[in-house]
Amino acid sequence: MVKPLAVPAVVLSLRTFFTKRTFFPLNPETSFFTLSPKPPNPQPSSEKFNMPSVSGQTVCVTGAGGFIASWMVKLLLEKGYTVRGTVRNPGKIETQTCFYDPKNSHLRNLEGAEERLTLCKADLLDFESLRLAINGCDGVFHTASPVTDDPEEMVEPAVIGTKNVIVAAAEAKVRRVVFTSSIGAVTMDPNRSPDTVVDESCWSDLEFCKNTKNWYCYGKAVAEQAAWDEAKERGVDVVVVNPVLVMGPLLQPTLNASVIHVLKYLNGSAKTYANSVQAYVDVKDVALAHILVYETPSASGRYLCAESVLHRGDVVEILAKFFPEYPVPTKCKDETKPRAKPYNFSNQKLKDLGLEFTTVKQSLYETVKSLQDKGHLPIPTQQQDHESIIRIQS
Ligand SMILES: NC(=O)c1ccc[n+]([C@@H]2O[C@H](COP(=O)([O-])OP(=O)(O)OC[C@H]3O[C@@H](n4cnc5c(N)ncnc54)[C@H](OP(=O)(O)O)[C@@H]3O)[C@@H](O)[C@H]2O)c1
């Protein structure tokens, strides 16, 4: 006879959670399993950092429909900015130069979008389209970039596109350009000692990126360098944000590369996890960081945007504890080698501007909830919940 299983309180909480589909955020101060109720109306993200409202300023956000840029557009609209977002693939033509793309429909539903958001068709390799979008703006957030390791798709649009944006910004005499670079322009250096604290002074080694065929990092590093050079030559005020791997809730309907990094551990496509480490940050914090450095007159240079560095083993452990009903891998791909150690880093520059980072656990949790809500991940049924409870017990 099968003995009835005692179900621990935490599993019951998770079970109730999945059955009711109510949203309980994690309490970042407590352990993985402590769930605390969330107010029915979540606090708007821009209120997390108490920023004053801005009206009368027009800013351009390139690649507006992307994962990070969508959050930037949302927060900028919430703050009262008028936003011109650039998108590549037009759907319905609205005026001669401005378009709506069904893929970017989420942008139109943002609060304030109807009154203060315009979407303009622009490609990074088409200077004239960028010039039209940026002309008349007070500031630019240059976030559009390919995110790929294909050298042909990556390098030219990232680098030429960045130069085009800076030239257009110089012509428009904008107040400041905030450029979205990457950790890929920072950490790819084989000669960095394990004791080094990774911060804004670190630069990736271009030869190493090339030799290891890390074309995304190569493209981002060359693009960031081009931004600094072009800005210096043309007298443009540029500030750079270098985010690490970005996760968190999606606003856009489609999947982007960094969110797939999490999804693959839940949908069965990754059978093992790599013996490597990765730095993580939440998408809302990345968007806030961009706005903070835009609005702080004294902000300058680069800003490393990272919350924590985890081994992949830690990531799958967090996911498996929160979501035991998914086939999260339990085996390391390369168990014979010593476990890779997280590197030390500093996010002090952004903290000094007042940014309070969302914990990686909360961000992972919100990523999965969002993947479920957007239909990218099946929501577990009660039956699956029951099976997972039994699995935990045995
Ligand atoms: N997500 C991360 O983990 C992460 C980490 C560090 C830095 N970043 C940087 O953050 C930025 C945004 O990344 P994301 O994660 O939000 O990626 P995403 O969702 O793929 O967004 C990229 C955006 O760039 C646009 N784009 C690509 N090629 C273009 C071109 N030739 N002309 C015009 N627009 C183009 C895309 O437009 P379409 O929609 O038309 O394709 C898309 O809107 C990128 O600069 C990326 O390097 C991302």
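Analyst: Lys-333 is found in the loop between strand E15 (331-332) and strand E16 (344-345); strands here are DSSP runs (E, at least two residues) and helices likewise (H or I, at least four residues), numbered from the N terminus. This is a predicted model, in which local features need pLDDT of at least 70 and side-chain atom pairs count only at pLDDT 80 or more, while totals for chains, interfaces and linings use all residues. Residues are numbered from 1 along each chain as its sequence is written.

Lys-333 counts as partly exposed because 14 other C-beta atoms lie within 10 Å. On this scale a residue is buried with 20 or more other C-beta atoms within 10 Å of its own, exposed with 12 or fewer, and partly exposed in between, the C-beta atoms being placed from the backbone. Leaving aside residues up to four places away in sequence, Lys-333 touches Thr-272, Tyr-273, Ala-274 and Asn-275, a contact being a pair of C-beta atoms, placed from the backbone, within 7 Å. Tyr-273 is 60 residues from Lys-333 along the chain, yet their C-alpha atoms are separated by 5.6 Å.

Contacts across the sequence also figure in the chain as a whole: residues 24 or more positions apart account for 76% of the contacts with a separation of 6 or more. Of the 394 residues, 42% count as buried, and the secondary structure comes to 15 helices and 16 strands.

Helix H11 (residues 283-295) is mostly covered, with 12 of its 13 residues buried. Among them are Lys-284, Asp-285 and His-290.

Seven strands form an open sheet in the order E5-E2-E1-E6-E7-E9-E13, with parallel pairing; two strands pair if DSSP finds at least two bridges between them. Strand E5 (117-121) and strand E13 (301-305) stand at the edges with a single partner strand each, so one side of each is left without a neighbour in the sheet. Strand E2 (residues 82-87) runs parallel to E5 and is joined to it by five bridges, with Val-87 opposite Lys-121 in E5.

Technical notes. Two residues are in contact if their C-beta atoms, placed from the backbone, lie within 7 Å.
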